[in-house]
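Please look at the sequence and the structure below before reading on. The paragraphs after them go through some of the packing inside the chain.

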Amino acid sequence: MSIRKYSVIVSDLGNVLIPFDYSFAVKKLEKIESGLGHRFLENLKLHYDLHRKFERGDISPEEFLKIILPVLENKISEMDFIRIYSQIFTINEGLVSLYSELKKKYTLVLLSNTNWIHHEYGWGKYEFLGLFDKLILSYEVRAAKPEPGIYKAVEAFTGRPPEEHLFIDDIAEYADVAKSLGWDAIQFINNEQLIKELRDKGVIK
């Protein structure tokens with residue numbers, strides 16, 4: 001069996017390079033007033049379409065805040081909410097080290113469903129982002145995975161044929177769409193599993 005030739009590694013961000021946990025925000029909101037955190041979490045679950053619209057850039061940060069702050073009974077200022085809403089991330093240091101090695105041989109592209117607040121106040125200052133040749137962010141390109149448009153935005157940047165792209169994402173549906181567009185893809189489970197699959201594909205030794 002011939003090994004596929006890749007020139008581009010495309011990586012998801014959330015729950016791959018930066019695990020996130022909304023319980024961090026819930027706990028901080030609960031300290032402000034009992035019930036605030038749980039109201040926020042329920043709203044997130046019941047109105048995920050709102051968060052998806054924010055990720056797609058369909059609504060502005062100002063519009064998002066005007067909707068979300070009344071859910072918290074306006075018990076918190078805009079900036080305090082932004083800070084709490086954005087401090088939900090940690091860094092997968094092992095994967096950062098791996099990507100540092102991949103950078104030597106491949107074009108690296110970050111492909112993320114995210115929003116302006118999380119980018120500006122959450123993860124946007126992380127040094128490892130310098131490893132990537134391009135950040136393709138949903139709210140900037142006005143498309144979100146699994147919509148084909150966001151994958152096409154990657155191809156528009158790389159100029160490489162679909163079959164030279166290898167995509168890493170923790171969500172199986174998003175990986176499957178990449179495959180349907182001619183890419184190869186790996187569903188990320190953990191670092192060890194990813195390293196094994198990259199070795200199997202001849203990406204690393």
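This is a predicted model: local features need pLDDT of at least 70, side-chain atom pairs count only at pLDDT 80 or more; totals for chains, interfaces and linings use all residues.

Residues are numbered from 1 along each chain as its sequence is written, and side-chain values use heavy atoms, with hydrogens and water left out.

The largest nonpolar core has 51 residues, a nonpolar core being a set of buried Ala, Val, Leu, Ile, Met, Phe, Trp, Tyr and Cys residues joined through side-chain atoms within 4.5 Å. Buried here means under 20% relative accessible area, exposed means over 50%, and partly exposed lies in between, with a 1.4 Å probe and protein chains only. The members that touch the most others are Leu 17, Phe 64, Phe 81, Tyr 99, Leu 102, Phe 128 and Val 203, and helix H6 (residues 93-102) gives the most to this core, with five residues. Apart from this core lies another, of 18 residues, among them Val 10, Ala 143, Ile 150 and Ala 178.

Helices (H or I, at least four residues) and strands (E, at least two) are DSSP runs, numbered from the N terminus. In H6, the buried residues are Leu 95, Val 96, Leu 98, Tyr 99 and Leu 102; they cover an arc of only 160° around the axis, taken from the directions from the helix axis to the C-beta atoms, which puts them on the same side of H6. Strand E1 (8-11), strand E2 (107-112), strand E4 (165-169) and helix H11 (191-200) are included in what covers these buried residues, where contact means heavy atoms within 4.5 Å.

Elsewhere, helix H1 (residues 23-32) packs against helix H2 (residues 36-46) at an angle of about 140°, with their axes 6 Å apart. Axes are lines fitted to C-alpha atoms, for helices over the stretch in contact, and angles run from 0 to 180 degrees between N-to-C directions. Angles under 35 degrees count as roughly parallel, over 145 as roughly antiparallel, 65 to 115 as roughly perpendicular and the rest as oblique, and H1 and H2 are therefore oblique to each other.

Helix H2 also holds Asn 43, which is buried, with a relative accessible area of 10%, and which touches residues including Tyr 48 and Ile 68. Glu 55, in helix H3 (residues 48-56), is buried with a relative accessible area of 12%, and its contacts include Tyr 48 and Asn 113.

Notes
Lists of a residue's contacts leave out its neighbours within four places in sequence.
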